[in-house]
Amino acid sequence: MTTYNQTQAQNDSIHQVAIDFGVDEEQLRVLMNTHITEENLNEFGRYDNLQKTADTAKAKAYFETQEGNMLPPFKVCRMMDSFMRKFILG
């Protein structure tokens, strides 16, 4: 895959995650384009700020579709946190 195709695929993935979870796409892009590690992920509260932009109804719908059943809000929040950390950290 060429660098252009890789960049386009990453851009498409970021856009899709922003749609699926309702998170602020620009904030997500900034995090993805910064040298993020587990240790500095929430430096300056940037990860918390991104999480605050999430649309929990969209996240609930996304995970319920994936799981095939209804999920309680606390589980949706946990699943979203896990998904977003893995997505951002690669």
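Start in helix α4, residues 56-67. Glu64 and Lys60 both sit there, four residues apart, about one turn of the helix. Their side chains form a salt bridge, at 2.4 Å from N to O. Keep in mind that this is a predicted model. Are these two partners buried or exposed? Glu64 counts as buried, at 16% relative accessibility. Lys60 is partly exposed, at 25%. The cut-off matters here: buried means under 20%, so Glu64 falls on the buried side.

Now, how many salt bridges does a search of the whole structure find? Five. Let me take two others.

Next up, Arg85 with Glu38. Their side chains meet in a salt bridge at 3.1 Å, N to O. This pair links distant parts of the chain. Arg85 belongs to helix α5, residues 73-89. Glu38 lies in the loop between α2 (25-32) and α3 (46-52). The two are 47 residues apart. Both ends are partly exposed: Arg85 has a relative accessible area of 27%, and Glu38 stands at 47%.

Then Glu43 with Arg46. Again a salt bridge between side chains, this time at 3.6 Å, N to O. Glu43 is partly exposed, at 38% relative accessibility. Arg46, at 19%, counts as buried.

On to the nonpolar core. The largest one has 21 residues. Which residues have the most contacts inside it? Phe21, Val23, Leu28, Met84 and Ile88. Which helix gives the most? That is α5, with five residues.

Look at Leu28 for a moment. Set aside its neighbours within four places in sequence. Leu28 is then in contact with Ile14, Val17, Ala18, Val23, Leu50, Met84, Phe87 and Ile88. Val23, Met84 and Ile88 from that list are also among the core residues with the most contacts.

Back to α4, now with α5. How do these two helices cross? Their axes come within 10 Å, at an angle of roughly 85°. That makes α4 roughly perpendicular to α5. Which residues make the contact? From α4, they are Thr56, Ala59, Lys60, Tyr62, Phe63 and Glu67. From α5, they are Val76, Met79, Met80 and Phe83. By class, that gives seven nonpolar residues, one polar and two charged. Note Lys60. It takes part in this contact, and its side chain also holds the salt bridge with Glu64.

Gln8 is partly exposed, with a relative accessible area of 31%. Where does Gln8 lie relative to Gly90? The two are 82 residues apart along the chain, and their C-alpha atoms are separated by 16 Å.

To close, two points to take away. Arg85 of α5 pairs with Glu38 in the loop between α2 and α3.

Key. Residues are numbered from 1 along each chain as its sequence is written. This is a predicted model: local features need pLDDT of at least 70, side-chain atom pairs count only at pLDDT 80 or more; totals for chains, interfaces and linings use all residues. Side-chain values use heavy atoms; hydrogens and water are left out. A salt bridge is a side-chain nitrogen of Lys or Arg within 4 Å of a carboxyl oxygen of Asp or Glu. Buried means under 20% relative accessible area, exposed over 50%, partly exposed in between (1.4 Å probe, protein chains only). A nonpolar core is a set of buried Ala, Val, Leu, Ile, Met, Phe, Trp, Tyr and Cys residues joined through side-chain atoms within 4.5 Å. Contact means heavy atoms within 4.5 Å. Axes are lines fitted to C-alpha atoms, for helices over the stretch in contact, and angles run from 0 to 180 degrees between N-to-C directions. Angles under 35 degrees count as roughly parallel, over 145 as roughly antiparallel, 65 to 115 as roughly perpendicular and the rest as oblique. Ala, Val, Leu, Ile, Met, Phe, Trp, Tyr, Cys and Pro count as nonpolar, Asp, Glu, Lys and Arg as charged, and the others, Gly among them, as polar.
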